[in-house]
Amino acid sequence: MASNFGDNSTVVGDKRNDEVSFTKDSDYPTKPAHPRHNATGKSRTQGQASEFVATIDYTVEERPFFIPIGKDGVIGALEKLDRQLLAAGRTKVLSKKSPTDWTGQEVVPGQLGLINHGGSPKVLTRPGRYPGFPLRNWWARTWCGTTGLSDTVIEFQGLTVVQVSQNQAAVVSDPQNHIFVIKNAGFVAYAIEGTYDVLSIVDQTHLPTVVKDKLTGVVLGSTHEVKMKSKVGNQQEKEYVVATFLNIPASNCAILQRGDDLELLGAGQSVITNPSVTLRGLYTLGENQLEMPTKDIFTRDQVPVSLTIYLKWQLTEPLKLTTHGYNTPYDALRDKTQSILTQIVAHLDYSAMVKQRSLGPDNMEDGTDASSAFLDALRTRAMDDMHEAALEYGIVLKDLAVIDRQFKGEIAATMDKLTTRALQAQVEAANVDRENSNKVKQEEGALSVTRIKAQAANTQADAEAYRVIAGAKAQAQKLKIEAEAQAEATRMAAEAEAASVRIKAQADAQVIDTFAREMELRRMEVSRIRAYGSKTIFVPSETTGAQMGNAMALGMAASMGAKASQEISK
């Protein structure tokens, strides 16, 4: 049986309505369905495929005392359940008690009150207080507390209420131990014989077990197994897997198997509950790359060689891979690569292979060199054969290269020693050349530094000389400007004084009155006495006595000069 009401779901299982294989969320886009394959690899017809895939709802068949939760909510479902119980002549689950507001057990809005009535459940849905008297109202009844109306799971005395949100899934076992899954919905059920057991509430987007590719490390998806305890006779209880949840990322897929039939499951959230359907494996449809060491391969002259291969591939048809019995693309490529390289190397000589160390598209030659035989064989035969063989397994081979080889045996050891010596000589010669080159570069660097310093000194001297010349020119220009300014100032002062004297003379000449002239002469006398003092005697220079005084002074000076010259001559 299967249930996923509340959304359109794809359920994989038998044609019987009481078995379910897996439930896939339809909200996620999926790729077009691939043809189903059986163990022989042949495609199945549409009619045969419909037997493997069916859409089943647990609520299609009428089941006693099982009410899906609709728009009316939990209370509406409980009322419907009450009507079914009354119609069947059984005790109701909703209590007839009326609440008060003054004393008793309290039931707040959003909660349900639970009462054990002689082993049968009674539910109080109306908020308020329920007093413990009169005694007849509580005869054979026990108050068992309250629970949330929106709780995910409510289990009480055979009454089961399940409500799950969009991201949750409830795994439930009905009284006949049939397993079904509830997603984004809920139900109210009362089991008269047996119980509805909620085995687990699963967060579908955060499953605990992450599945990775052991070789490439790519995350393939996540899984979670829901187990149920069972006891057979007097044996101890054991846990059995009853549901397997899958969360497959984009560009990944899963392969399911039922008998000899295989089914491709795309990305999204799914759950498997049918015991006849098993998970074959998880695969990625993206590109992968890996370095693969090969086993020892013998050349034509019986020298063993071990190669390291670089592979890049993409799985496009996982059904072909699983039909051939391989669990991973690497397993299929490893066997084919080993077989094809063994055939190629068996036709090559040791001398043709030892000259080439790294083989790949970056260093492929044009075929004119004798050492390119291995490269030509790898390019023309290995890549083509591997690509054709990989398509048989649903794999597209995108790149193949030999990145290393190791020769073994005595001949290989001797050749390795010779090669090592040659390499050492080459390294030593390269080191000497490198040291000489470094010394030459150091000397060239020192010469360049000296040349640059000399150029800097010359530049500094030229700058200093230019500075001195510029300073001298500036000083001369300054003196010239100052002299011209001084001369111009003197000239202007003389002109001003002359103009002043001329103006005064003109003013004095215009004085005609005799008394005014006499007064001016007296004022000049007063000014002169004030300037030289009152005891100064002024001698007229225009009279005869004044001229005699000048003659005596000149004679005295001449006499003193003659005496001084005689003393010097002695």
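1. Cys144 is partly exposed, with a relative accessible area of 38%, whereas Cys253 is buried at 2%; here buried means under 20% relative accessible area, exposed over 50% and partly exposed in between, with a 1.4 Å probe and protein chains only. The structure holds zero disulfides, a disulfide being a pair of cysteine sulfur atoms within 2.5 Å.

2. On the basis of the coordinates: this is a predicted model, in which local features need pLDDT of at least 70 and side-chain atom pairs count only at pLDDT 80 or more, while totals for chains, interfaces and linings use all residues. Residues are numbered from 1 along each chain as its sequence is written, and side-chain values use heavy atoms, with hydrogens and water left out.

3. Cys253 stands opposite Tyr283 in E22, and strand E19 (residues 252-258) pairs with E22 in the antiparallel sense over six bridges. Strands are DSSP runs (E, at least two residues), numbered from the N terminus, and two of them pair if DSSP finds at least two bridges between them. The open sheet has three strands in the order E20-E19-E22, with antiparallel pairing; its edge strands, E20 (261-265) and E22 (278-284), each pair on one side only.

4. The search of the whole structure finds six aromatic pairs, where rings of Phe, Tyr and Trp (its six-membered ring) pair if their centres lie within 6.5 Å, and planes under 30 degrees apart count as stacked, over 60 as edge-to-face and the rest as tilted. Phe66 and Phe187 form a stacked pair, 4.8 Å centre to centre with 20° between the planes; Phe66 lies in strand E4 (residues 66-68) and Phe187 in strand E14 (residues 186-190), so the pair ties together parts that are 121 residues apart in sequence.

Terms used
Helix = DSSP H or I, 4+ residues; strand = E, 2+ residues; numbered from the N terminus.
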